[in-house]
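Dear colleague,

Please find below the structure I promised to hand over, together with its sequence. My findings follow directly after it.

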Amino acid sequence: MERLRIAVSHRPPPLLPAPNHLRRRQLSLPAPLPLQLASSSLSSRHHLAPAPRRHTPPLLASQTPSPNPDPDPSAPPAGAKLVPLLLSLGAGLAVRFLAPRPAEVSLQAWQLLSIFLSTIAGLVLGPLPVGAWAFLGLTAAVATRTLPFAAAFSAFTNEVIWLIVISFFFARGFVKTGLGDRIATYFIKWLGSSTLGLSYGLTISEACIAPAMPSTTARAGGVFLPIIKSLSLSAGSKPNDPSSRKLGSYLVMTQFQAASNSSALFLTAAAQNLLCLKLAEELGIIVANPWVAWFKAASLPAIVSLLATPYLLYKIFPPEIKDTPEAPALAAEKLKRMGPVTKNEWVMIGTMLLAVSLWVFGDAIGVSSVVAAMLGLSILLLLGVLDWDDCLSEKSAWDTLSWFAVLVAMAGQLTNLGIVSWMSTSVAKMLSSFSLSWPAAFVVLEASYFLIHYLFASQTGHVGALFSAFLAMHLAAGVPGVLSALALAFNTNLFGALTHYSSGQAAVYFGAGYLELPDIFKLGFVTALINALIWGVVGTFWWKFLGLY
């Protein structure tokens with residue numbers, strides 16, 4: 001008798017549209033097309049496409065499970081990387097069991113410090129993805145009864161962290177609607193008749209978008225790099241080619257370096273800015289009316305640096321093409337093809353104006369920053385500019401929520417258990433032995449905080465690892481609290497252009513193929529010195545005028 005074979009599935013089901021609540025959509029970003037006089041596009045338009053449906057072959061009742069296929073030898077091994085894992089664990093274990101515990105520090109505080117150091121080491125060395133490693137650190141704190149469950153998870157209700165999460169959704173709205181693309185194209189039309197003017201147009205447009213698009217990486221990858229690539233290709237400047245120096249290298253380098261000042265100009269221009277103020281709050285440094293206070297302190301030095309960067313790079317890293325007379329016409333043609341401002345773009349404009357207005361004036365009417373952001377996101381969801389799938393697919397937002405909430409919770413508990421006060425006292429004694437005045441200590445600590453970033457591949461990771469410690473050192477040296485917190489936060493933005501791995505936008509711009517590593521390291525250091533000079537000189541007088549010291 002023949003063996004009975006029953007097919008569970010006779011044929012694939014018809015492809016009917018799924019209900020709205022079951023649909024999965026992903027953001028598709030087509031590659032930018034080169035600009036040409038006949039048919040050109042400064043950047044690709046972004047649209048949502050349904051995810052492809054997979055067809056599963058029929059399952060037969062007589063079928064036996066097939067053995068797992070041989071793994072691909074070229075694929076990275078699953079699980080933690082052994083060497084970074086051992087080093088990260090070793091850092092914490094050495095502190096816990098080998099380093100002598102000071103008499104004024106409790107065993108619970110010392111044990112939490114060791115777990116925190118292992119967590120920070122893992123964020124730097126990367127045995128696992130950032131969120132996964134932070135979760136392991138949180139688990140260790142709870143499993144060893146170093147922290148109760150409620151204290152370990154306390155930061156997941158923190159307002160600042162949720163403001164950061166929502167800011168990622170705002171950035172997605174700018175990319176999805178094409179509003180950021182349209183704004184940048186207008187500036188090219190107005191200022192793009194020369195290479196220097198083109199660079200200023202791109203730089204100024206990013207500064208205008210920055211307060212309502214709180215992700216430097218999203219601005220780089222979603223708006224400005226596609227435009228720069230299209231402009232460069234239209235001028236015969238190709239990536240990974242000697243012709244890159246015609247136009248593309250200069251535009252990419254200038255935008256890369258200027259973006260740091262755009263991020264430093266506004267509190268809501270970058271996620272790490274909000275993280276800095278939250279950590280400062282954990283140490284008792286409260287910045288009143290933070291959005292306005294941040295802008296006032298950053299405005300003069302940031303604007304001077306923004307205006308100086310394109311011209312200085314034009315002199316030390318000059319493009320071969322000096323004039324771009326076709327750029328305004330091409331921009332005008334692109335705007336014509338884009339058509340009038342769409343309904344979703346108008347909704348995005350109105351929502352961002354509302355959010356920024358509430359961020360500026362919200363304290364006077366009792367509306368907090370996170371409530372303003374929640375209202376803005378609710379409007380975008382209600383009017384269909386974003387849907388919930390857009391929010392769910394924004395992995396960076398949820399990843400930031402998971403790992404940074406862990407660090408904030410641990411840092412807060414370290415303060416409560418007395419570790420931070422012990423460190424501050426120790427640093428104060430050390431600095432006093434050198435007889436440094438607070439201005440001298442301020443310069444030394446700021447320079448150290450900046451140069452240490454050569455060891456980091458993330459601005460937010462650097463903040464999580466070192467911001468609290470360096471702020472405590474500033475306070476121990478007698479530096480005024482608000483000045484210390486703001487200066488470290490501004491510094492966090494400025495070192496984002498040091499190397500090709502120093503930030504998310506660094507990886508985006510380097511990946512475009514227009515910059516060579518020696519140029520990035522050399523010009524990153526030179527521009528850093530110029531920024532330090534501008535912020536140091538202009539900032540000193542400006543902050544004195546504002547009464548920060």
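Please note that the model is a predicted one. Helix H16 itself covers residues 395-416; at 1.5 Å a residue, its 22 residues should span 32 Å, and because its end C-alpha atoms are 32 Å apart, the two values agree.

Helix H16 also packs with helix H3 (residues 130-143), at an angle of about 35° and with the axes 8 Å apart. The crossing of H3 past H16 is left-handed. On the H3 side, the contact is formed by Val130, Gly131, Ala134, Gly137, Leu138 and Ala141, and on the H16 side by Asp399, Ser402, Trp403, Val406 and Met410. Seven of these contact residues are nonpolar, three are polar and one is charged.

Two cavities of 30 Å³ or more are present in the structure.

The largest cavity has a volume of about 40 Å³. Its lining consists of Thr309, Leu312, Leu313, Ile316, Thr527, Ile530 and Asn531. Helix H11 (290-316) gives the most to this lining, with four residues, and helix H22 (517-546) supplies at least two. By class, the lining has four nonpolar, three polar and no charged residues.

The second largest cavity holds about 30 Å³ of space. Leu198, Leu231, Ser234, Ala235, Leu247, Thr324, Glu326 and Ala327 line this second cavity. Helix H8 (216-234) and helix H12 (326-338) are the elements that each give two or more residues to this lining, which comprises five nonpolar, two polar and one charged residues.

With kind regards

Definitions and conventions: Residues numbered from 1 in each chain as written. Predicted model: local features only at pLDDT ≥ 70, side-chain atom pairs only at ≥ 80, totals over all residues. Heavy atoms only, no water. Expected span 1.5 Å × (residues − 1). Axes fitted to C-alpha atoms, helices over the stretch in contact; angles between N-to-C directions. Left-handed = near helix turned anticlockwise from the far one by under 90°. Contact = heavy atoms within 4.5 Å. Nonpolar A, V, L, I, M, F, W, Y, C, P; charged D, E, K, R; others polar. 1 Å grid on protein atoms, 1.4 Å probe; cavity = no way out; pocket = protein on both sides within 12 Å on 5 of 7 lines; lining within 4 Å. Points joined across faces, edges and corners; volume = space filled by probe spheres on them.
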